[in-house]
Amino acid sequence: MTRHVQEIGDVTPLHHKVYVILRQQIAEGRYPSDKAIPSEQELSAIFEVSRITVRRALDRLQREGLVVRFRGRGTFALEQALRSTPEVDLRGMFENLLAMGLRTKVKLLEFGDAKASPAVADALRLRPGAPVQRAVRLRIHRGTPFSHLTTYLPEDIAACCKEGDLAEKPLLLLLEQAGIKVTSGDQTISAKLADPIVAPLLEVEAGSPLISVRRTVLDQHERPVEYLDALYRPDVYEYHMHLSRVEDGDAGLWQPAAAAPVMRGAVKGRG
């Protein structure tokens, strides 16, 4: 287990590493609710950290309602806290993303005109330095911030998305209301570490691992109409994909049939 702690990254605080692994183990049902989690002293030896570090990790789990601690008896996992909200069956990725926008609150952090960086220009098929609209939003569900979203729109598309609109409605809905039919997208999923600016907004430690999603959204004419650079908290958000096996000569290939973001724990539920 110590090896896993080290793999998360040297820049991440030790107590956060312990917290992340214990939370994952609770989610996986590693600790039955009728059996105590290893003691602070035992966890200290397992992770090779101080008892103070372990205590900080357990304190956070307790604040989030994932464990309960009894004097003289120990700490017990409340694994059902991570599975309390049923998932909602939605038809596809864009329907899912739209539903997520409708079911969550948003805080608009930045809004204005900008010049397209080389990466943004490439995604939107513009020349570098071309005018674009840039908006930075924080999406929140049940009081928990779970995503930091930076979106870029071409200048002519931006006319349909005013500052007040973005603070109240999902961007996909605004595009549809403007007669722009979103039909496809190209998406890349990777990982990043939370920097000192994003970390406090998402209520995580600087250096914490985040899910990075970069998405270019295309309209019915295959024109890029939006570029998204998003960061998600992995403790409350995951990406679920259904695969179908298709025959290709002598080999069987896995083909994605449906994919959808899934919010976990306190903010679980597709959408």
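Select Glu222: this residue is partly exposed, because its relative accessible area is 42% (buried is under 20%, exposed over 50% and partly exposed in between, with a 1.4 Å probe and protein chains only). The model is predicted, so local features need pLDDT of at least 70 and side-chain atom pairs count only at pLDDT 80 or more, while totals for chains, interfaces and linings use all residues. Residues are numbered from 1 along each chain as its sequence is written, and side-chain values use heavy atoms, with hydrogens and water left out.

Stay on Glu222 and check the backbone: phi is positive, about 65°, although the residue is not a glycine. Glu222 lies in the loop between strand 7 and strand 8 (224-232). Helices (H or I, at least four residues) and strands (E, at least two) are DSSP runs, numbered from the N terminus. Next select Glu203, which is likewise not a glycine and has a positive phi of about 60°. Its place is the loop between helix 10 (198-202) and strand 7. Most residues other than glycine have a negative phi.

Now zoom out to the whole protein. There are ten helices and eleven strands, and 46% of the 271 residues are buried. The accessible surface is about 14200 Å², and carbon and sulfur atoms account for 50% of that (Shrake-Rupley method, 1.4 Å probe; for residues, only the protein chains shown count as cover). Of the contacts between residues at least 6 apart in sequence, 59% join residues at least 24 apart; contact means heavy atoms within 4.5 Å.

Go to strand 7 (residues 209-219) and select Val213. Val213 counts as buried because its relative accessibility is 2%. Beyond four places in sequence, Val213 touches Gln187, Thr188, Ile189, Leu228, Asp229, Ala230 and Tyr232. Draw a distance from Val213 to Gln187: the two are 26 residues apart along the chain, and their C-alpha atoms are separated by 7.0 Å.

Leu124 is the next stop, in helix 6 (residues 118-124). Leu124 is buried, at 3% relative accessibility. Its contacts outside four places in sequence include Val132, Tyr152, Pro224 and Tyr227.

Move to strand 4 (residues 131-141) and pick Arg137. Arg137 is buried yet has no salt bridge, and the nearest side chain of opposite charge is that of Glu226, 5.2 Å away. A salt bridge is a side-chain nitrogen of Lys or Arg within 4 Å of a carboxyl oxygen of Asp or Glu; Lys and Arg count as positive, Asp and Glu as negative, and His and the chain ends are not counted. Among the residues in contact with Arg137, leaving aside neighbours within four places, are Lys107, His148 and Leu171.

Gly29 follows helix 2, with a positive phi near 80°.

Finish at Trp254 in strand 10 (residues 251-263). Trp254 is exposed, with a relative accessible area of 57%. Together, Met241, Leu243 and Trp254 make a nonpolar surface patch of about 330 Å². Patches are made of residues with over 30% relative accessible area and no salt bridge, like charges being joined within 9 Å and nonpolar side chains (Val, Leu, Ile, Met, Phe, Trp, Tyr) within 5 Å.
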